[in-house]
Amino acid sequence: MEGDLYIRLGYTMDAMYRSITRHLAYSLGVEPSRASQRDIYLALSYTVRDRLLEKMLKTSRRYEESGSKRLYYLSMEFLIGRSLANNLRALNLYDKVAEALELLGTDVETICDQERDAALGNGGLGRLAACFLDSMASLHMPGFGYGLHYDYGLFEQDISNGYQREKPDSWISEAPALQVERTDAACLVPMYGRIEETKDKWGRSNPSWQGWNLVTGVPYDIPIAGHGGVTVNPLRLFAARPSTEFDIKIFNEGDYLRAVEQKIESEKISKILYPKDSYEAGRELRLIQEYFLVACSLGDIVRTYEKDHRDFNKFPEKVAIQLNDTHPALAVAELMRILVDQKWVPWEKAWDITNRTIAYTNHTLLPEALEKWPEHLLAKLLPRHLQFIYDINQQFLDRVVSLWPGDMDRMRSMSIVEEGPPRQVRMANLAIVGSHSVNGVSALHTDLIKTALVPDFFEMWPERFNNKTNGITPRRWLCVANPGLHDLIEEAIGPGFVTDLERLRDLEPFATDSAFCERFLQVKKANKERLKDVIFNTAVVEVDPLSLYDVQVKRIHEYKRQLMNVLGIIWEYLALVEDGVEPACPKTYIFAGKAAPGYWAAKQLIKLVHNVGNTLEDDPKVKGLLKVAFVPDFRVTLAERIIPAADLSQQISTAGFEASGTGNMKFALNGALTIGTLDGANIEISKEVGRDNIYIFGLTAYEVERMKRKGSYKPRRLYDNNPMIKRVVESLASDRFCKREPGLFAWLKDYLLADNEMFFHLADLEAYVKTRERASKEYVNKTLWAKKAVLNVARVGYFSSDRTIRQYAEEIWDLLPVLPTEDEKIGSLEYTPGDPVPIATAKDW
């Protein structure tokens with residue numbers, strides 16, 4: 001028994017080897033001597049999962065014994081990327097596994113590269129949620145993620161002749177080695193049906209939800225290990241399954257398709273992330289997904305609470321629920337429904353409990369991201385929830401009227417129900433009214449929420465609004481993504497900074513240490529060499545690692561202004577080939593990012609990037625001084641390759657549009673300098689690193705807003721008065737970059753010159769180009785560049801997600817860490833039996 005425990009859960013190199021070979025034989029049915037790289041990856045994943053589950057069980061027991069408050073983080077996305085390498089480092093097993101794998105004739109990096117990214121998110125929203133889970137576990141906080149168990153992620157991006165093509169992105173083959181199915185905790189979720197007005201035993205109105213369809217939510221737990229591997233919290237993801245597999249009576253009558261119809265309809269709920277909502281069925285499925293997440297999560301939360309409590313008086317003292325954007329806003333109505341309809345809590349008391357439990361994070365100022373659902377769709381899908389929304393709204397509007405009598409405009413803007421036509425439910429308003437805290441994710445973003453997005457709500461409840469600037473986990477974005485830089489920093493300032501990132505300040509004196517800076521640049525060069533191979537293998541573009549790597553990688557969207565980056569490249573290209581003005585240094589412009597399948601303009605931008613790159617490649621006058629590469633299928637693993645190699649990080653969104661951004665933080669932590677607008681967290685980064693160590697340009701958010709309000713932005717004047725701007729725009733109107741597809745980009749001229757062009761491309765273009773030229777000239781001075789890069793690394797400690805989570809815990813959740821016992825700290829079951837346990841080696845097989 002003891003020997004078996006050693007094999008299963010030991011932490012020595014010998015134990016790891018034995019556990020891997022055991023899983024090869026008994027989990028996969030493969031002889032170790034004949035195992036493929038994929039087999040070894042799966043066996044190693046099971047080996048790591050064994051140890052994570054042991055830690056997770058201990059963590060769960062610790063939380064239960066402490067009776068601590070718990071935080072539940074509801075999000076439609078958790079972009080966790082690959083887990084294996086991250087878990088090996090968290091458990092301090094990376095080097096031991098490397099030795100064990102050598103005995104099997106392979107290496108740890110090759111095996112870790114077998115893993116596919118978990119397709120559970122799209123962009124920054126999901127990656128932030130993943131960073132938060134890492135920080136909560138590292139800080140020993142009882143914090144749990146709740147999401148959906150998608151079969152397919154957003155999509156796998158393929159590029160054909162410069163055009164984006166979408167393919168299914170299935171990660172489900174990875175799942176068994178990563179997760180644990182919890183069928184015992186399945187939830188039943190009602191949908192559709194009708195309301196029947198009845199009376200309770202006291203003669204009061206008691207609406208009854210009847211005739212609903214049931215869907216089962218089956219939870220899967222993915223262990224999330226904190227640094228050191230002592231605390232492991234679960235990320236719980238729900239998959240949709242039918243309440244019954246199929247109707248046996250219909251099946252026996254021969255109608256096989258109709259017999260499994262419910263199974264097919266139910267399972268599509270968690271089939272794919274963000275189904276296209278440009279048609280009615282797609283909108284309905286999106287709403288079903290959001291409700292399914294909320295219903296499963298709250299059902300699970302209430303069930304956990306009721307294990308130790310007979311009533312709901314202490315619910316807000318034991319439970320905190322954070323809504324990650326508006327997608328889970330139906331949690332307000334669902335919690336009310338559970339409390340009032342199922343638990344018989346009086347309405348006013350239920351509302352007090354709901355309001356004290358739920359908090360809401362806003363992530364955007366863009367109107368299209370502030371969800372609104374048609375009233376008729378909610379009435380069809382969730383008739384009882386719509387009644388609660390009406391009641392909540394009426395109570396709220398009564399309060400508004402008492403504060404501002406006769407102010408109908410204010411009532412209309414604040415109402416949860418937008419009168420239309422069509423009548424719609426505003427999910428952001430529901431989230432604000434139903435929460436005790438509303439936070440933005442950067443100082444500027446929070447200020448704009450208060451002054452521009454929902455000023456009436458801020459005036460009503462100023463105490464609810466607060467800022468929690470985003471952060472990133474250094475465990476993923478330094479230890480895993482850039483081990484060379486991590487080791488160099490550790491050698492300079494000692495260990496421990498990955499859990500206390502402000503200690504990076506100790507690195508500042510090394511910014512003028514020539515020996516350190518030389519090694520710093522060597523680490524950067526090695527990362528650039530590695531990225532060079534990735535670019536060639538994926539984009540088939542040969543790049544020079546000695547060139548300046550100028551990088552913009554993020555979701556393709558007009559407000560993120562990939563178009564302005566391309567305009568700047570065209571400006572440089574035309575200056576080179578027509579004016580003979582060479583750039584200060586050779587440059588490689590690196591793009592990556594996905595466009596939403598229905599977003600035509602964004603997909604056209606991807607095509608433009610490719611065509612401009614091809615034009616530069618084919619023009620002998622360019623002489624290799626300018627290169628453009630678009631790396632397809634951007635995901636977490638690709639970001640881990642690109643970010644450590646970047647020299648210059650493009651964060652050039654129109655001021656006032658980016659809520660925060662976290663890519664800017666990741667690049668700075670990895671020694672890239674930022675060129676950006678005063679938008680999102682760029683403002684706070686510039687304050688931390690110093691304005692001499694960042695390249696800021698362009699209009700401010702308040703200047704943009706003022707120009708919009710006055711209608712004073714006239715791009716045609718800039719076009720008429722600036723010959724370079726005119727030349728760049730005309731190059732798009734011509735067929736210079738689309739000779740094989742004439743007129744392909746002609747639309748861009750009208751787009752850029754329209755008075756209602758809301759992203760101010762031409763207003764910022766000249767300042768952007770000049771700032772980029774200054775960065776290029778400074779890049780040539782390696783001593784100066786290294787100093788600035790090191791100071792960026794040294795001064796971004798504030799942007800750790802550990803700091804963000806501490807602020808949430810102290811200021812919103814009232815959540816305390818539950819520290820591990822000494823036994824847990826040393827109790828990694830490094831058991832060495834008195835007599836060796838006989839076990840077959842690869843040779844024995």
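**Figure 1. The surroundings of Leu762 in the predicted model.** Leu762 is in contact (heavy atoms within 4.5 Å) with Leu567, Tyr713, Pro715, Leu718, Ile725, Val729, Leu752 and Leu753, leaving aside neighbours within four places in sequence. Residues are numbered from 1 along each chain as its sequence is written. Because this is a predicted model, local features need pLDDT of at least 70 and side-chain atom pairs count only at pLDDT 80 or more, while totals for chains, interfaces and linings use all residues; side-chain values use heavy atoms, without hydrogens or water.

**Figure 2. The largest nonpolar core.** A nonpolar core is a set of buried Ala, Val, Leu, Ile, Met, Phe, Trp, Tyr and Cys residues joined through side-chain atoms within 4.5 Å. Here, buried means under 20% relative accessible area, exposed means over 50%, and partly exposed lies in between (1.4 Å probe, protein chains only). The largest core has 128 residues, and those with the most contacts inside it are Trp477, Ile489, Ile535, Leu762 and Leu765. Helix 24 (residues 562-579) gives the most to this core, with 11 residues. Helices (H or I, at least four residues) and strands (E, at least two) are DSSP runs, numbered from the N terminus. Apart from this core lies another, of 117 residues, including Met191, Ala331, Val345 and Val425. In soluble globular proteins, nonpolar side chains tend to be buried together.

**Figure 3. Glu640 and its neighbours.** Look for Glu640 in helix 26 (residues 636-642). Glu640 is buried, with a relative accessible area of 6%. Not counting residues up to four places away in sequence, Glu640 touches Arg476, Trp477, Val480, Ala481 and Arg530. Glu640 and Trp477 are 163 residues apart along the chain, and their C-alpha atoms are separated by 7.1 Å.

**Figure 4. Asn87 in helix 4.** Asn87 sits in helix 4 (residues 84-90) and is buried, at a relative accessible area of 7%. Setting aside residues up to four places away in sequence, Asn87 touches Val48, Leu52 and Ala225.

**Figure 5. Glu518 in helix 23.** Helix 23 (residues 514-539) holds Glu518, which counts as partly exposed at 43% relative accessibility.

**Figure 6. Two cis peptide bonds in a loop.** A cis peptide bond joins Gly420 and Pro421, with omega about 10°. The peptide bond from Pro421 to Pro422 is also cis, with omega near -10°. Pro421 belongs to the loop between strand 14 (417-418) and strand 15 (424-426), and Pro422 is found in the loop between strand 14 and strand 15 as well.

Figure 7. Arg561 is not a glycine, yet has a positive phi of about 60°. Arg561 lies in the loop between strand 18 (548-553) and helix 24, and counts as buried at 0% relative accessibility. Asp814 has a phi near 55°, a positive value in a residue other than glycine. Asp814 is found in the loop between helix 35 (801-813) and helix 36 (822-826), and is exposed, with a relative accessible area of 57%.
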